[in-house]
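Please look over the model below before reading my notes.

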Amino acid sequence: QFTRAGAGDAAQSWVGAGANQSVSPDVVTQALGPNVIGDIAAKLGVGQGDAAGGIAQVLPELIDKLTPHGQAPQAGLGSEGDIMGALARMLQR
């Protein structure tokens, strides 16, 4: 999804070794879609702009931690609910 939004290199940096590239809240919204951002915002009780900004800040770290060896674990990254829960916890710190 991030490749289609023009941020494939950034997303790849989160999985690979080395520094994680940042993305803008606009890119996050474009990649995940306004409905997903809206759902996250509603669950957190914040505006969509704040949700997209928070996701843009924590998503590189989240994906980096979920892919410790430069690839998704054999068992997968977990369900969408697991990932969204981890993202929500990171946004609430």
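What percentage of the 93 residues in the chain do buried residues make up?

1. Buried residues make up 34% of the 93. Here buried means under 20% relative accessible area, exposed means over 50%, and partly exposed lies in between, with a 1.4 Å probe and protein chains only. This is a predicted model: local features need pLDDT of at least 70, side-chain atom pairs count only at pLDDT 80 or more, and totals for chains, interfaces and linings use all residues. Residues are numbered from 1 along each chain as its sequence is written, and side-chain values use heavy atoms, with hydrogens and water left out.

2. Overall layout. The chain has five helices and zero strands. Its pattern along the sequence is α-α-α-α-α. Helices (H or I, at least four residues) and strands (E, at least two) are DSSP runs, numbered from the N terminus. Of the contacts with a separation of 6 or more, 56% join residues 24 or more positions apart. Contact means heavy atoms within 4.5 Å.

3. The aromatic pair. The structure holds one such pair. The ring centres of F2 and W14 are 5.3 Å apart and the planes sit at 75°, so the pair is edge-to-face. The pair links distant parts of the chain: F2 is in the segment before α1 (8–15), W14 is in helix α1, and 12 residues separate them. Both F2 and W14 are buried. For reference, rings of Phe, Tyr and Trp (its six-membered ring) pair if their centres lie within 6.5 Å; planes under 30 degrees apart count as stacked, over 60 as edge-to-face and the rest as tilted.

4. R4 counts as exposed, at 72% relative accessibility. S13, in helix α1, is buried at a relative accessible area of 12%. Leaving aside residues up to four places away in sequence, S13 touches G18, A19, N20 and Q21.

5. Helix α4. This helix spans residues 48–66 and has a kink of about 40° at V58, shortly before the proline P60. The bend at a residue is the angle between axes fitted to the seven residues ending there and the seven starting there. Buried residues in α4 include A51, A52, I55, V58, P60 and I63.

6. α3 against α4. The axes of α3 (residues 34–44) and α4 come within 8 Å and cross at roughly 100°. The two helices are therefore roughly perpendicular to each other. Axes are lines fitted to C-alpha atoms, for helices over the stretch in contact, and angles run from 0 to 180 degrees between N-to-C directions. Angles under 35 degrees count as roughly parallel, over 145 as roughly antiparallel, 65 to 115 as roughly perpendicular and the rest as oblique. From α3, P34, I37, G38, I40 and A41 meet Q48, A51, A52 and I55 of α4. By class, this contact has seven nonpolar, two polar and no charged residues. Ala, Val, Leu, Ile, Met, Phe, Trp, Tyr, Cys and Pro count as nonpolar, Asp, Glu, Lys and Arg as charged, and the others, Gly among them, as polar.

7. α2 against α4. Helix α2 (residues 25–32) packs on α4 at about 95°, with the axes 8 Å apart. P25, V28, T29 and L32 in α2 meet A52, G53, I55 and A56 in α4. The residues of this contact are six nonpolar, two polar and no charged.
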